[in-house]
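Open your viewer and keep the selection panel handy.

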Amino acid sequence: MVEIDLHDVEQSEKERLLRYHSEKLAVAFALIATPPGAPIRVKKNLRACIDCHTAFKFIVKPLYLLPQLL
C-alpha cells in the first residue's frame, strides 16, 4: 500500500511514516486498554488512508471470528 501514499520521499521512509499513523496507534491503544468485547470507536475529521483501512480490516477479522470458535 506504500505506492498509494502521496509523500515525495523514498520507499523506506514511506514505510516508516505509515507505521505511526494516529488511527493505527489509537486502535492499538484501545485493544490494550479496553476490556474484551468493548466497542472501539476512532473518530477522525479526515479520510483514513488506504493503508490504515487495510490494517483495520485485518485487525477486525479475527475479532469477528472469535465468537464462532468458542
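Start by selecting Lys 24, which sits in helix H2; helices (H or I, at least four residues) and strands (E, at least two) are DSSP runs, numbered from the N terminus. Before you go further, note that this is a predicted model, in which local features need pLDDT of at least 70 and side-chain atom pairs count only at pLDDT 80 or more, while totals for chains, interfaces and linings use all residues. Residues are numbered from 1 along each chain as its sequence is written, and side-chain values use heavy atoms, with hydrogens and water left out.

Is Lys 24 buried or exposed? Lys 24 has a relative accessible area of 19%, so it counts as buried (buried is under 20% relative accessible area, exposed over 50%, partly exposed in between, with a 1.4 Å probe and protein chains only). Now show its neighbours: leaving aside residues up to four places away in sequence, Lys 24 touches Leu 18, Asp 51, Cys 52, Ala 55 and Phe 56, where contact means heavy atoms within 4.5 Å.

Next, select residues 22–33 to see the whole of H2, with 12 residues. From first C-alpha to last, H2 reaches 16 Å, close to the 16 Å expected at 1.5 Å a residue (the expected span is 1.5 Å times one less than the number of residues). Colour Glu 23, Lys 24, Val 27 and Ala 30, the buried residues of H2. Looking down the axis of H2, you will find them within an arc of 130°, so they line one face of the helix; the arc is that of the directions from the helix axis to the C-beta atoms. Turn to the face away from this buried side and pick out the exposed Ser 22, Phe 29 and Ile 32.

Val 60 lies in helix H3, residues 50–69, and is partly exposed at 32%.

Finally, zoom out: the protein has 3 helices and 0 strands.
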